[in-house]
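Have the viewer open as you read.

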Amino acid sequence: MVAGLGFRGQTTCQALQQVLAQAVRAAERGQRAPVVLRALATAEDKCHHPAFVQLAAEQGLPVHAVPLALLAAQDLPPRDRVPARYGSHSLAEAAALAAAGQGAVLAASRHISADGSATAAIALNLSEPPVT
């Protein structure tokens, strides 16, 4: 499973932790075993944000910087207030699906942090290994 994250410039690691935990809990509702994340994913233009880097280090997970064109190519419904450079749909969902590989499905759709600064989604792909 891969967690996709979207966030605003002012987000904190605490907001990312909170929304990631929320998405993992939602993904676990549909699974027979605990969710084991293999990576965190976000847009290539956000992967060096200090809060995201801190989250990845604390979780001990690799980061997938998803190219903008791959984010925009994901087949997802449009969302209000999402920049066109991300395909006008949830960055968290698009990043999770893109990093999990072709044929991935959402195990947890977009969740929003309590402060509204971050989103997280979880994608699962049983047929292919994650993008490296």
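Strand β3 (residues 63–66) has a covered face with His64 and Val66, while Val63 and Ala65 sit on the uncovered one. In a regular strand the side chains alternate between the two faces of the sheet. Helices (H or I, at least four residues) and strands (E, at least two) are DSSP runs, numbered from the N terminus. This is a predicted model, where local features need pLDDT of at least 70, side-chain atom pairs count only at pLDDT 80 or more, and totals for chains, interfaces and linings use all residues. Residues are numbered from 1 along each chain as its sequence is written, and side-chain values use heavy atoms, with hydrogens and water left out.

Strand β2 (residues 39–43) runs parallel to β3, joined by 4 bridges (strands pair if DSSP finds at least two bridges between them). Across that pairing, Ala43 stands opposite Val66.

## Helix α4

In helix α4 (residues 91–100), 10 of 10 residues are buried, that is, under 20% relative accessible area with a 1.4 Å probe, protein chains only. These buried residues pack against β1 (2–7), β2, β3, α3 (68–72), β4 (105–112) and β5 (118–124); contact means heavy atoms within 4.5 Å. Just after α4, Gly101 has a positive phi of about 105 degrees.

## Phe7 in β1

Phe7 lies in strand β1 and counts as buried because its relative accessibility is 6%. Leaving aside neighbours within four places in sequence, Phe7 is in contact with residues including Leu16, Thr42, Phe52 and Ala118. The C-alpha atoms of Phe7 and Thr119 are separated by 6.1 Å, though 112 residues apart along the chain.

Terms used:
Buried means under 20% relative accessible area, exposed over 50%, partly exposed in between (1.4 Å probe, protein chains only).
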